[in-house]
Amino acid sequence: MAPATLCYWDIRGLAQPIRFLLEYTGTEYEDKQLACGPAPGFDKSCWFDHKFSLGLDFPNLPYFKDEDVYMTQTNAIMKHIARKNNLAGSSVKEQAMADMAAEQVMDMRNGFVRLCYSSKYEDMKPEYIENLAKTLKMFSDFLGTKSWLVGESITYPDFHFYEMLDQHKAFKSDCLKGFPNLEAFCERFEKLDAIEKYMKSDRFKKAPINNKMALFGNQ
């Protein structure tokens, strides 16, 4: 069986939680990374010149090829990998909670991305920081005393949730102060054997978080 292929830009971005999930499940894969050009043009022809010739129904990045499955959309990719590895929830209720959490984490990401790539980054930053505590409190309340978002067994949204917490720690190092269960969540995730091994390897992408045109996390 040929290795799966994950393709994205040469950044953490949307691919990082997928990489974590693939590493945790021991999935053999090619981590194909594309590079956009320098400022001011940020040339992306490496993607746009080929995007419609890859057999993808809805061409986008990241894309994932797994045997005869060719797909896009981050949450769909993660859910596909999760279903193959029993990480989508063990009951109908858990599956529903996992799907809800996955969408909520994506909302958190989208808000952060809007800030990071905005030309008004410095103007928007104070209000974002003010609202960040409210967002983190909702997640903290949802997690409660559980080990993972859905319960005592890890599910696919946990991988994205960790990534977003880690990105926000890079953005504001003390953002988890006052949320000990979120701090413990991050520590618990980093101590997972496969994750710890991956994060110590030369394959792990520590930076950049965002692409070259972003005003935060571009290095």
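Quick ground rule before the points: rings of Phe, Tyr and Trp (its six-membered ring) are taken as a pair if their centres lie within 6.5 Å. Bear in mind too that this is a predicted model.

1. With that in hand, look at the aromatic cluster. Phe20, Tyr24, Phe159, Tyr162, Phe189, Tyr198 and Phe204 come together as one group. Across the structure there are 18 aromatic pairs.

2. Among the pairs, I'd start with Phe112 and Phe171. Their ring centres sit 5.3 Å apart with the planes at 75°, so this one is edge-to-face. Phe112 belongs to helix H4 (residues 92-116) and Phe171 to helix H6 (residues 156-171), so the contact ties together parts that are 59 residues apart in sequence.

3. Tyr198 is buried, at 1% relative accessible area. Phe204 has 16%, and because the cut-off for buried is under 20%, Phe204 is buried too.

4. Lys146 lies over the face of Phe142, 4.8 Å from the ring centre. Over at Trp148, the residue lying on the ring face is Arg188, at 5.8 Å from the ring centre.

Technical notes:
Residues numbered from 1 in each chain as written. Predicted model: local features only at pLDDT ≥ 70, side-chain atom pairs only at ≥ 80, totals over all residues. Heavy atoms only, no water. Phe/Tyr/Trp six-rings, centres within 6.5 Å; stacked < 30°, edge-to-face > 60°. Helix = DSSP H or I, 4+ residues; strand = E, 2+ residues; numbered from the N terminus. Buried < 20%, exposed > 50% of the residue type's maximum accessible area, 1.4 Å probe, protein only. Lys NZ or Arg CZ within 6 Å of the ring centre and 35° of its normal.
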